[in-house]
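Me: I would like to go through the terms used for this protein one by one, and to see each value set against its definition.

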Amino acid sequence: MEVRRLPDFLTRFLSSRIFLLSLALGFAQFFLFSFSPRAWTQRSCSIAKAKSSQLLRVYVADLPREFHHGLLESYCRSQNCCSTGEYPTNPLLKQHSAEFWLLRDLLDSPSKKKENFVRVWDSRLADVVFVPFFAALSAQIQLRGGHRGEFRKRSSKNSDFDRQRRVVELVTSSLEWRRSNGVDHVFVLADPMAMWHVREQISTAVFLVVDFGGWYLEDAKNKLNSSTIIQHSQVSPIKDVIIPHTHLLPPLKIADDQHRTVLLYFRGARHRHRSGLVREKLWKILDNEPEVLLEEGLPDDAGLAEATRGMRSSEFCLTPAGDTPSSCRLYDAIASLCIPVIVSDDIQLPFEGFVNYEEFCVFVSARDATQPGWLVQKLRSIGSEERSTMRQTLSRVQRYFEYDNALTDGAVSLIWSKIHSKVPMIKESIARFRRNRKSGSLPSAKRCHCVS
């Protein structure tokens, strides 16, 4: 039977109509799906998840108020030294105030936009668990409260030890700690003496420290041996974060900078222990050098005024090691636009990789610095144009070391970023812990990492 074909013009006409109808149906289906409430909800959730995945998710451990702001208020009332909600201005306390600024950032109104972290109220969604204990303030209350001799004892007279013990009991018994073995917990130990008695019990956690010095079991004057040093499995650049001291001197703007008449300036204690022994050697070598000003003094009101005057009138500021490799003096020099001369062979610095310290600091080994005449000659060889460039850089990086929650690139913001960089390592450690727990072979609480 012969099959009759439609004329070509009719075939083309019908084919075009079918194509257009299919196209119209396709567009209708797309728009109906895309603009439906369910589709918009799914899309919004996807965008929110994408954005939140780029932020550090922080859960605040549930600690009683007596361990943070309650402790601060109690101290302020007893000393009549600070207003409600503010940290003490006492220099020995203020320089270790990072714990206060980080917690304040977490407790800020949710309406305030945060650039690099989000607080979550479900710990299962968190990358890290922040422990809100003012450990530095607790240690200093004990050390400055007339019971200094009790600080190293686990006695009823040691209120700091009692607080440390109770914090550890609360934290390590929590569901969050048991889920991760504590590797995702963050403790602020801005004072080298903070959490002094219980560090081993929380050694899996992330520590925020000013450096890796001062981790000793015995008094600094005692001869050190293998039994008196806490092993570096408890502190490591791999798991921990170096944070800056809070500077004590007011910042100087580059527009207000004036002529500097002193080549090299130092104010502070002449006698220190451990790595700080280099100070006495430097003092003997530099004391009679022209254009060098060395002053002994304490960080009281009069001392801070003198330090401000001295740093602002000097080209270079000597920042040697103290009892620990770093000190607040480095950040005071940065605030004063005084080029830091770092004489500390073991110093660790905050935000390295983001901040290039060689652009605005002079690094000198202790061996070179203690050769008669060497350091002064080195500094004089740095010309005025290079000094000016370094000072301009100092003015640009000042804000990175400023504890101010309003700054999007200040110290608090950069600390969150550094913690965020630890998250992949934290997740790997948690995965290994859970795998080993299921197999019945739990790993040791201590982790050994190289620090050199």
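This is a predicted model: local features need pLDDT of at least 70, side-chain atom pairs count only at pLDDT 80 or more; totals for chains, interfaces and linings use all residues.

Reply: Residues are numbered from 1 along each chain as its sequence is written, and side-chain values use heavy atoms, with hydrogens and water left out.

Me: Why is serine 326 called buried?

Reply: Its relative accessible area is 5%, and buried means under 20% (exposed is over 50%, partly exposed in between, with a 1.4 Å probe and protein chains only), so serine 326 counts as buried. The residue sits in the loop between β9 (314–320) and α11 (329–335), where helices (H or I, at least four residues) and strands (E, at least two) are DSSP runs numbered from the N terminus.

Me: What makes the pair of serine 326 and aspartate 211 a polar contact?

Reply: Their side chains are joined at 2.6 Å, and the definition asks for a pair of N or O atoms within 3.5 Å, of which, within protein, one must be able to donate a hydrogen and the other to accept it, residues adjacent in sequence counting only if both atoms are side-chain atoms. A polar side-chain atom of serine 326 also lies 3.4 Å from the backbone oxygen of valine 210. Leaving aside residues up to four places away in sequence, serine 326 touches Val210, Asp211, His245 and Ile347, contact meaning heavy atoms within 4.5 Å.

Me: How do you know that β1 pairs with β2?

Reply: Two strands pair if DSSP finds at least two bridges between them, and three bridges join β1 to β2 (residues 117–119), the two running parallel. Leucine 56 stands opposite phenylalanine 117 in β2. Three bridges likewise join β1 to β3 (residues 128–130), also parallel, with valine 60 opposite phenylalanine 130.

Me: Why are β2 and β6 said to stand at the edges?

Reply: Six strands form an open sheet in the order β2-β1-β3-β4-β5-β6, and β2 and β6 (241–242) each have a single partner strand, so one side of each is left without a neighbour in the sheet.
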